[in-house]
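Welcome, and thank you for taking a look.

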Amino acid sequence: MKADAMARSRVIPPLIGFGSLALSVLAFEVLIRLNVISKFIVPPPSEIAMSFERIIVEEHVLQRFVATGSEVLTAAAMLTVVGVSIGVLLFQVDILRRATETWVAAMAAAPIVLMYPLFLVIFGRSPWTIIMIGFVAALPPVILKTIEGLAGTRRVLINVGRSFSMSESQLFWKIMLPSALPTIFVGLRLGLIFALINIVGVEFLINFGGLGQLINELAERYDLAGTYAAICFVILVSIIVFALTERIERWLTPAN
Amino acid sequence: MAHAGQLTAARTPRPALADPVTMVRIAIIVGVLAFWEVLSRSGWLYRDVVPSLVAISKAVGELLIDKDYYWNLGWTGFEVAVALGIGGVGGLLAGLILGSNKLLGKSFEPYLYYLGPTPKIIFFPVMIMWFGIGPGSKIALGTISCFFPIALSTAAGMRQIKPVLISVGRTYRANAWQMMTKIYIPAMRHPIINGIRLGLGVAIIGTLLAETKLSNKGIGFLIINAYSTFDMPRMYALLIVLFVLSIGVNALVGRFGGLDKIKRS
């Protein structure tokens, strides 16, 4: 019973989580100082923390963040326009949907990001390679969630529209699309996160662009503490994006 | 006459071959292939960016009889399998612990939840430092990729078990091990299989991406090698075979785990 009460408390679980994190960081620091772990493989956490300043001032991490961010936003804009449009098209033309929905689902399972050498040949070593990979890799969830949202419009809402003798296009714009928006947003959020993951990954792989390239560069310079700090920075950024979009999604979802 | 034919065709059930969905599918495939071939012969794009279908099919054929390809496929398969083994068992254990203990779950699950959707490939330089430039670092990257989805869906699955099943186990005074093997795991096989399916997908991506970055064997290496020698038909062939394999394996895991029957039950 006591453990149950502790689990329900608002303070104790975060404290345990954060405490263990801090303890393991401390343990690493001690083990590295004692030479149990070589500091040429894992730099001491204190050194990593120190190099944060360096990567912000010397490596222009903020400009790189803007570069990556604008790539992600371009991909997201393309996803919203193209992905949602394809979803609407497939929903409206039933035969097309029945023919291709399983294909779209299969593409969601395919390792699309592995096509990056192909995109390199087509678009060159330019931001467009990176943007297009993010866009294509994130397309399937956006399409699938758009179809799911439109198909899930409650019968009664459509009947209300029909009783007002709405035209098909009014029915779509005034009833089906608004009611599908929360689900479509789930798809867009998934798409945005997929795009972010793939964009940073491809930046790292082709050594071009923003944050991903920074990690590659620091690693090639054998700047270990800097590499670890840059990785921490990227993780921080993706966690913030994830948490932020989660907030928006919760705010959009109607309370039941 | 054509008009009348359309009307009757709409009313009477058609034979399987003329199923409209199949017809549309065939039409789309034929259309895309025709467009591709026109594009490749038109010369609008740089030569070889869109190789002709003949060249691609020839490359697929050559690939499938190439001994070297199977040797590399074996390495990649081995790396993915080991990664899925380590990451899967680790994820399963972590999920079981976090799912069964409320306090630990609330303390540590947020970390997994927020670390899950971060790009894993950026850990590759660190993995090279820890495990060397051989298959070890690729396995490590596949392992951290697949750990998160498996742990998260196991923990979520554990909390969705109907309380009545747990009560039945308790009534029979099952001990912890029996509860685990007789109640928990059978009751949550669907979320577990789903987690494994997701994990397999990201393990394949993680391993292959790492191979394209730095390696001397594996499918990822073959892809990046085809890129650097500008052998476009071979690159298309490798990608096509890889996509077919990974979609196939994914579908197989889903079917084997009975995921296709979930909606009916």
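How many of the 8 residues of helix α6 (residues 116-123) of chain A are buried? The count is 6 of 8, which leaves this helix mostly covered. Here buried means under 20% relative accessible area, exposed means over 50%, and partly exposed lies in between, with a 1.4 Å probe and protein chains only. Helices are DSSP runs of H or I with at least four residues, strands are runs of E with at least two, and both are numbered from the N terminus.

Before going further, a word on what you are seeing. This is a predicted model, in which local features need pLDDT of at least 70 and side-chain atom pairs count only at pLDDT 80 or more, while totals for chains, interfaces and linings use all residues. Residues are numbered from 1 along each chain as its sequence is written, chains are lettered from A and ligands numbered from 1 in the order in which they are written, and side-chain values use heavy atoms, with hydrogens and water left out.

**Around helix α6**

The buried residues of α6(A) are Tyr116(A), Pro117(A), Leu118(A), Phe119(A), Leu120(A) and Val121(A). Within chain A, they pack against α7 and α9 (168-206). They also pack against α10 (189-213), α11 (219-228) and α12 (232-256) of chain B. Just after α6(A) comes Gly124(A), with a positive phi of about 75°.

**The two chains**

Chain A has 11 helices and 0 strands. Its radius of gyration is 23 Å, well over the 18 Å that the globule rule gives for 256 residues, so chain A is more spread out than a compact globule. That radius is taken over C-alpha atoms, and the rule is 2.2 Å times the number of residues to the power 0.38. The C-alpha atoms fill a box of roughly 75 × 60 × 30 Å along the principal axes.

The domain assignment divides chain A into domain 1 (2-42) and domain 2 (53-252); such bounds come from an automatic or database assignment. The centres of domain 1 of chain A and domain 2 of chain A, taken over C-alpha atoms, are 34 Å from each other.

Chain B has 12 helices and 0 strands. The table sets out some totals for each chain. Its areas come from the Shrake-Rupley method with a 1.4 Å probe, and a contact means heavy atoms within 4.5 Å.

| Item | Chain A | Chain B |
|---|---|---|
| Buried residues | 45% of 256 residues | 41% of 265 residues |
| Accessible surface | about 13,100 Å² | about 14,800 Å² |
| Share of surface from carbon and sulfur atoms | 70% | 70% |

Chain A also carries 19 positive and 17 negative charges, whose mean positions are 11 Å apart. For this count, Lys and Arg are positive and Asp and Glu negative, with His and the chain ends not counted. Each charge is placed at NZ of Lys, CZ of Arg, CG of Asp or CD of Glu.

Now find Lys145(A), which is in helix α7 (residues 127-151) of chain A. Lys145(A) is partly exposed, with a relative accessible area of 21%. Setting aside neighbours within four places in sequence, Lys145(A) is in contact with Thr183(A), Ile184(A), Val186(A) and Gly187(A). The C-alpha atoms of Lys145(A) and Leu188(A) are 8.2 Å apart, although 43 residues separate the two along the chain.

Thr146(A) also lies in helix α7 of chain A. Is Thr146(A) buried or exposed? Its relative accessibility is 0%, so Thr146(A) counts as buried. Not counting residues up to four places away in sequence, Thr146(A) touches Gly83(A), Val84(A), Gly87(A), Val88(A) and Ile184(A).

Asn35(A) is not a glycine, yet has a positive phi of about 65°. At 60% relative accessibility, Asn35(A) counts as exposed.

His60(A) sits in the loop between α3 and α4 (61-92) of chain A. His60(A) is not a glycine either, and has a positive phi of about 50°. With 41% relative accessibility, His60(A) counts as partly exposed.
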